[in-house]
Amino acid sequence: MARFEIPMSEMAMMGGNGADALCELGVNYATGRGCTTDLVAAHKWLNIAAIRGSARAAELRADVAATLTKMQLATALRAAREWMTTH
């Protein structure tokens, strides 16, 4: 998974609106488009996109969160926080 996330996140940041590109990355993980479905990673990227101002990501993040266990949600939030502190 890590090999996929790094290039995709860098590509997302090069896109016009970083929040929209990160939202699309979250949608890709949520739907399995171009990658294995990973709802924890989907929440992570949707959370980052929402923090960066994507209203769509905030809505989708809530939908994904409703399907996660408390442990999965904590993992996703921790991953988003770690990513935000380094980028």
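Colleague: Which side chains does the polar contact of 2.7 Å join?

Modeller: Asn47 and Arg61. A polar contact is a pair of N or O atoms within 3.5 Å; within protein, one must be able to donate a hydrogen and the other to accept it, and residues adjacent in sequence count only if both atoms are side-chain atoms. This is a predicted model: local features need pLDDT of at least 70, side-chain atom pairs count only at pLDDT 80 or more, and totals for chains, interfaces and linings use all residues. Residues are numbered from 1 along each chain as its sequence is written, and side-chain values use heavy atoms, with hydrogens and water left out.

Colleague: Is Asn47 buried or exposed?

Modeller: Buried means under 20% relative accessible area, exposed over 50%, partly exposed in between (1.4 Å probe, protein chains only). Asn47 has 9%, so Asn47 is buried.

Colleague: Where is the place of Asn47?

Modeller: In helix 3, residues 39–51. Helices (H or I, at least four residues) and strands (E, at least two) are DSSP runs, numbered from the N terminus.

Colleague: How is an aromatic pair described?

Modeller: By the distance of the ring centres and the angle of the planes. Rings of Phe, Tyr and Trp (its six-membered ring) pair if their centres lie within 6.5 Å; planes under 30 degrees apart count as stacked, over 60 as edge-to-face and the rest as tilted. This structure holds 1 such pair. The Trp45 and Trp83 centres are 5.2 Å apart and the planes at 75 degrees, so the pair is edge-to-face. Trp45 lies in helix 3 and Trp83 in helix 5, 38 residues apart.
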